[in-house]
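Let's take a walk through a protein model together. Keep the sequence and the 3D view side by side as you read.

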Amino acid sequence: MSNRRMRLLLLTPVMAGSFLVAPAALAWSGASAAPAATCSISGVFENGKVHLSGGGFTPGQAFLSSPTAAGGSFTIAENGGFQMMNVENARYTVTQANQHTECSGFKGATTNQDEMTQNDQNQNDQNDNGGDQDGS
């Protein structure tokens, strides 16, 4: 038997095996990748507070922080999610294992000053329109 034929007989099963194993290895490595963590702020309640929820985290301890509201440690559930009802309406960041996830959905509260400014502008618009109608 020639060397060429011997190499072909030995290498063919090895090459065929690598074609079978490679897709399985790629699929396995993709399945183990953790989903991206998310956090969102929703539902402003009558008391001005909001609902905070998230998912895709590693189960265990995490830390909630905000530049304007109280934060603190909390526990992420086994499914990687969490929910907090009646928290202050503010910007929040969830930190876990040096990974920072900013919570989306924050809409700043309208202050009385903003409402008064808008009401003043509306009144001025009505006065301007009323003056045009008089023909003066």
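Is lysine 49 buried, exposed or partly exposed? Lysine 49 is partly exposed, because its relative accessible area is 26% (buried means under 20%, exposed over 50%, and partly exposed in between, using a 1.4 Å probe and protein chains only).

## Before we go on

This is a predicted model, where local features need pLDDT of at least 70, side-chain atom pairs count only at pLDDT 80 or more, and totals for chains, interfaces and linings use all residues. Residues are numbered from 1 along each chain as its sequence is written, and side-chain values use heavy atoms, with hydrogens and water left out.

## One salt bridge

The count here is one salt bridge, meaning a side-chain nitrogen of Lys or Arg within 4 Å of a carboxyl oxygen of Asp or Glu. Lysine 49 makes it with glutamate 88, and their closest N and O atoms are 3.3 Å apart. The pair links distant parts of the chain, 39 residues apart: lysine 49 is in the loop between strand E1 (38-42) and strand E2 (50-55), while glutamate 88 is in the loop between E5 and E6. Those labels come from DSSP runs numbered from the N terminus (strands, E, have at least two residues; helices, H or I, at least four). Glutamate 88 counts as partly exposed too, because its relative accessibility is 43%.

## The sheet

Now for the strands. Four of them form an open, antiparallel sheet in the order E4-E3-E6-E7; two strands pair if DSSP finds at least two bridges between them. In general, strands of a sheet pair through backbone hydrogen bonds, either parallel or antiparallel. E4 and E7 are the edge strands, each pairing on one side only. On average, neighbouring strands in this sheet are turned by 30° against each other, direction ignored (axes are lines fitted to C-alpha atoms, for helices over the stretch in contact, and angles run from 0 to 180 degrees between N-to-C directions).

One to find is glycine 60, whose bridge partner in E4 is isoleucine 76.

## The nonpolar core

A nonpolar core is a set of buried Ala, Val, Leu, Ile, Met, Phe, Trp, Tyr and Cys residues joined through side-chain atoms within 4.5 Å. The largest one has 17 residues, and Leu52, Phe74, Phe82, Tyr92 and Val94 touch the most other members. E1, E2, strand E3 (60-65), strand E4 (72-76) and E5 each give two or more residues to this core. E5 gives the most, with three residues.

Zoom in on valine 94: beyond its neighbours within four places in sequence, its contacts (heavy atoms within 4.5 Å) include Cys39, Phe57, Phe74 and Thr101. Threonine 101 sits in strand E7 (residues 99-102).

Which asparagine lies in strand E5 (residues 82-87)? That's asparagine 86, whose phi is near 60°, a positive value in a residue other than glycine. Asparagine 86 is partly exposed, because its relative accessible area is 42%.

Asparagine 98 also has a phi near 60°, and its place is in the loop between strand E6 (93-96) and E7. Asparagine 98 is exposed, because its relative accessible area is 69%.
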